[in-house]
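Q: Could you pick one part of this model and look at it closely? I'd like to see how it's packed, and then what else in the chain is worth a glance.

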Amino acid sequence: MPIVKGLISALLLMVNTCFWGVPLIVLTLLKLLAPTQALKDMMLKGLNAIALNWIGFNLWWMRHWLKPTLSAEVPDTLSQDQWWLVISNHRSWTDIFMLFMALHRRIPMPRFFLKTQLIWIPIVGLAFWALEFPFMRRYTREQIEKNPKLADIDRRATERMCQRARHHPLTIFNFVEGTRFTPAKRDAQQSPYQHLLRPKAGGVAQVLNLMGDQLDGILDVTISYENPNPTFWGYLCGQEAPVTLTARRLEVPAWMLDTHYHAQSQHKERFHAWINTLWQEKDAQLDRRTDHD
């Protein structure tokens, strides 16, 4: 029965999380107590290893138990010794494991832009914090207009991550739509795309401005589900229809290295034009995939 399979899958996910949660808590405490930055960096390397093993074991049991049908196309020139920015559309929590299946140990340990609420997930939230993931508060336009200083909070979180990332190879993942796609959300924001929400350029622009000279490239990922309404629970139940993931490597445009998204309106317009062009291409790709299915 699918529900039984889903419950077993959820149990496997929880057991794996609890197993790696023990060394995670120990290393997090040691990182907090470490008197020097060198020791903190050593603890961070250990935390990265724990996270990679957590991901690896989850992928192992998922491949053997859930047997997802994933068709993935990724560049052959990826390396764990490089720096990457990965941008992707977002349909379901399943996206994260599809990305892991396609890219795990081909690129460095990932960092995601996360909603602040996720820090309260037991063990996983602690891991996000200990691994120095950037938490985004995502204030509304009305809140920022009332208090402009709020706009700097998310920017500073991104800046801290980028500063630390210069010392060790790292992959920054960004679901630039900011939330999972649904037709209702698309209609509410009057998105010009059929299969996508409007992309948010601010976080990508800041990463490229701070780290563009160090990045080995941008991976533009498009995830397509044959199931029009994918859910993570359906995936855990082994009922997810075939998934297609394509990743293309983009060079960092030279003009991005000397632009300041938040300071000059012409730079902001250029970034928006750049990412909207990517989204138009992505939407057309998803449209072709939908027609094919």
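A: Let's go with helix α3 (residues 94–103), which is mostly covered: nine of its 10 residues are buried. Buried here means under 20% relative accessible area, exposed means over 50%, and partly exposed is anything in between, with a 1.4 Å probe and protein chains only. Helices (H or I, at least four residues) and strands (E, at least two) are DSSP runs, numbered from the N terminus.

Keep in mind that this is a predicted model: local features need pLDDT of at least 70, side-chain atom pairs count only at pLDDT 80 or more, and totals for chains, interfaces and linings use all residues. Numbering starts from 1 along each chain as its sequence is written, and side-chain values use heavy atoms, leaving out hydrogens and water.

The buried set in α3 runs through Thr94, Asp95, Phe97, Met98, Leu99, Phe100, Met101, Ala102 and Leu103. Just past the helix, Arg105 takes a positive phi of about 65 degrees.

Now for the rings. The whole structure holds 12 aromatic pairs, where rings of Phe, Tyr and Trp (its six-membered ring) pair if their centres lie within 6.5 Å; planes under 30 degrees apart are stacked, over 60 edge-to-face, and the rest tilted. Phe97 and Phe232 make a stacked one, because their ring centres are 5.8 Å apart and their planes sit at 10 degrees. Phe97 belongs to α3 while Phe232 is in helix α9 (residues 232–236), so this pair ties together parts that are 135 residues apart in sequence. Both partners are under cover: Phe97 counts as buried at 7% relative accessibility, and Phe232 does too, at 16%.

Phe100 does something else with Phe112. That pair is edge-to-face, at 6.2 Å centre to centre and 75 degrees between the planes. Phe100 is in α3 and Phe112 in strand β3 (residues 110–112), so here the parts tied together are 12 residues apart in sequence. Phe100 and Phe112 are both buried.

Just after α2 comes Lys67, with a positive phi of about 50 degrees.

Ile123 is another non-glycine with a positive phi, about 65 degrees. Ile123 lies in the loop between β4 (114–115) and α4 (124–130) and is partly exposed at 26%.

An unreviewed UniProt entry lists residues 6–30, 42–62 and 112–131 as "transmembrane region"; such annotations may be inferred rather than shown by experiment, feature names are shortened, and positions follow the numbering used here. In the model, residues 6–30 are 100% helix and 0% strand, with end C-alpha atoms 36 Å apart. Residues 112–131 come out at 35% helix and 15% strand, with the end C-alpha atoms 10 Å apart.

Over in strand β7 (residues 217–225) there's Thr222, buried at a relative accessible area of 4%. Thr222 touches Asn89, Thr244, Leu245, Thr246, Lys282, Gln285 and Leu286, leaving aside residues up to four places away in sequence; touching means heavy atoms within 4.5 Å. With Lys282 there is also a side-chain to side-chain polar contact, at 3.0 Å. A polar contact is a pair of N or O atoms within 3.5 Å; within protein, one must be able to donate a hydrogen and the other to accept it, and residues adjacent in sequence count only if both atoms are side-chain atoms.

Lys282 also has its charged end over the ring of Trp279, 5.0 Å from the centre. The test is NZ of Lys or CZ of Arg within 6 Å of the ring centre and within 35 degrees of the ring normal. Lys5 lies over the face of Trp65 as well, at 4.8 Å from the ring centre.
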